[in-house]
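Morning, everyone. Let me put the model up, and then I'll walk you through the packing.

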Amino acid sequence: MSKLLLNFAFATTLYTEKRNYLETFSPFILSALSEDKARNAKDICESLKKDSDLTMPTNTARTILKVLTKEKFIKEEGN
């Protein structure tokens, strides 16, 4: 429960600052990718649930991955 509350506070702060839901959850996705457990949107969603108690639809994770790739925070696999 405390993990969920901490993540909620973090996400609320990011949203208040940026006013963009996708950017609010980008740090969580980058964290899942940095731990080298996640390889695709489905893996990211599973990692978020396990590590952060956050449930995210796979399509939302895909959209955030596209935004992060476009903004050059990550590279597309194979590049």
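**The core and its helices**

The largest nonpolar core holds 14 residues, and I29, I44, L48, M56, A61 and L65 have the most contacts inside it. By nonpolar core I mean a set of buried Ala, Val, Leu, Ile, Met, Phe, Trp, Tyr and Cys residues joined through side-chain atoms within 4.5 Å. Buried means under 20% relative accessible area, exposed over 50%, partly exposed in between, with a 1.4 Å probe and protein chains only. Two or more residues of this core come from each of α2 (21-34), α3 and α4.

Ground rules. This is a predicted model: local features need pLDDT of at least 70, side-chain atom pairs count only at pLDDT 80 or more, and totals for chains, interfaces and linings use all residues. Residues are numbered from 1 along each chain as its sequence is written, and side-chain values use heavy atoms, with hydrogens and water left out.

Now the layout. The chain has 4 helices and 0 strands. Both are DSSP runs numbered from the N terminus: helices are H or I, at least four residues, and strands are E, at least two. Of the 79 residues in the chain, 28% are buried.

Contacts next, meaning heavy atoms within 4.5 Å. Take those with a separation of 6 or more: residues 24 or more positions apart account for 43% of them.

Back to L65. Leaving out residues up to four places away in sequence, L65 touches I29, L33, N40, A41, I44 and I74.

How do α3 and α4 cross? Their axes come within 8 Å and cross at roughly 110 degrees. So α3 is roughly perpendicular to α4. The cut-offs: under 35 degrees is roughly parallel, over 145 roughly antiparallel, 65 to 115 roughly perpendicular, and the rest oblique. Axes are lines fitted to C-alpha atoms, for helices over the stretch in contact, with angles from 0 to 180 degrees between N-to-C directions.

Two more residues. S47 sits in helix α3. Is S47 buried or exposed? Buried, with a relative accessible area of 8%. Beyond residues up to four places away in sequence, S47 touches A32 and S52.

Then L54, in the loop between α3 (41-52) and α4 (58-70). L54 counts as buried because its relative accessibility is 15%. L54 and F25 are 29 residues apart in sequence, and 10.0 Å apart in space, C-alpha to C-alpha.
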